[in-house]
Amino acid sequence: MKLSTQHLLGIKDLTKEDISLFLDTATQFKEVLQRPVKKVPSLRDVTIVNLFYENSTRTRISFELAEKRLSADTINFTASGSSVAKGETLLDTVNNILSMKVDMVVMRHSASGAPHFLAQHVPAAIINAGDGVNEHPTQGLLDAFSIREKLGKLAGVKVAIIGDIMHSRVAMSNIYLLKKMGAEVTVCGPPTLIPKYIREVFNVNVSYNVEEALNWCDVANVLRIQLERQNQVLFSSLREYNLSYGISRKLLDRLKKEVVIMHPGPINRGVELDSDVADSGHSIILQQVENGVAVRMAVLYLLSNRNN
């Protein structure tokens, strides 16, 4: 089976079959990662550049580790330490890198659509590692992989995405993917952090009551408040947010059922999640981090066309 696309720019562009292929291939690579020798020669002689214009910890390390596990040659690029600081354009930067015979580009950028622009102008395979407030497709894939691993399926699963929906590229990728795979989705948060059009455009439920959302769902994917993307005050204070929308152990204990807790990181402990929830048996946050390597190995491998 082959992907319908040569890039991974967003979940929006993928077919249901593409998503299943990514997840099934990730299952195979997770088995590889359990072996004593975790390295395979699948991408030997493939050169990948990690082009990060925004700060990143988990995503960048996860991609770098996935590339090394596949035996690829990697180049790491940060905008702050490059000629970008001198005024070099995105296209010039990438063309200079491609002149060094690079096969794939993993890109994170603050501008929505930057990876799509790149894909129109360069022959390498482009992987979107997060663009503005648009999408974060590999996070969407690893979240889905983690849900399927925990519950055995995606179809029919009820997922509540709780927090800063307005500014979250993770939320967008999760909504696109979960809806395509037959899951039910509710978004929950303060009215000021939920786009007004989201119910009609994405066919999701909307709730402004976190306890109501938790009682409804099987899985709660809790998002960070992205203060760096907010250009106006959208709620009174972080303490008030925690009191109204934060998830505490006391709140979970009031529920009539068990709920799986997820978070894409980094966690603002004491804001969207209390520590005794993030570190509890309800949480699969560390499993998400582990699964991120297997999912990104699958993405790199399938987009390299080495599986033909």
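Val-219 stands opposite Val-260 in β9, a position within the parallel pairing of strand β8 (residues 219-222) with β9, which extends over 3 bridges; two strands are taken to pair if DSSP finds at least two bridges between them, and strands (E, at least two residues) and helices (H or I, at least four) are DSSP runs numbered from the N terminus. The model is a predicted one, in which local features need pLDDT of at least 70 and side-chain atom pairs count only at pLDDT 80 or more, while totals for chains, interfaces and linings use all residues. Residues are numbered from 1 along each chain as its sequence is written, and side-chain values use heavy atoms, with hydrogens and water left out.

These two strands belong to an open sheet of 5 strands with parallel pairing, in the order β7-β6-β5-β8-β9. Its edge strands, β7 (205-207) and β9 (260-262), each pair on one side only.

Turning to the side chains, the structure holds 8 salt bridges, each defined as a side-chain nitrogen of Lys or Arg within 4 Å of a carboxyl oxygen of Asp or Glu. One of them joins Arg-249 to Asp-253, with the closest N and O atoms 3.4 Å apart; because these residues lie 4 residues apart in helix α10 (residues 249-254), about one helical turn separates them. Arg-249 is partly exposed at 30% relative accessible area, whereas Asp-253 counts as exposed at 54%, given that buried means under 20%, exposed over 50% and partly exposed in between (1.4 Å probe, protein chains only).

Another salt bridge links Arg-269 and Asp-279 (3.0 Å, N to O). This pair connects distant parts of the chain, 10 residues apart, with Arg-269 in the loop between β9 and α11 (275-278) and Asp-279 in the loop between α11 and α12 (285-303).
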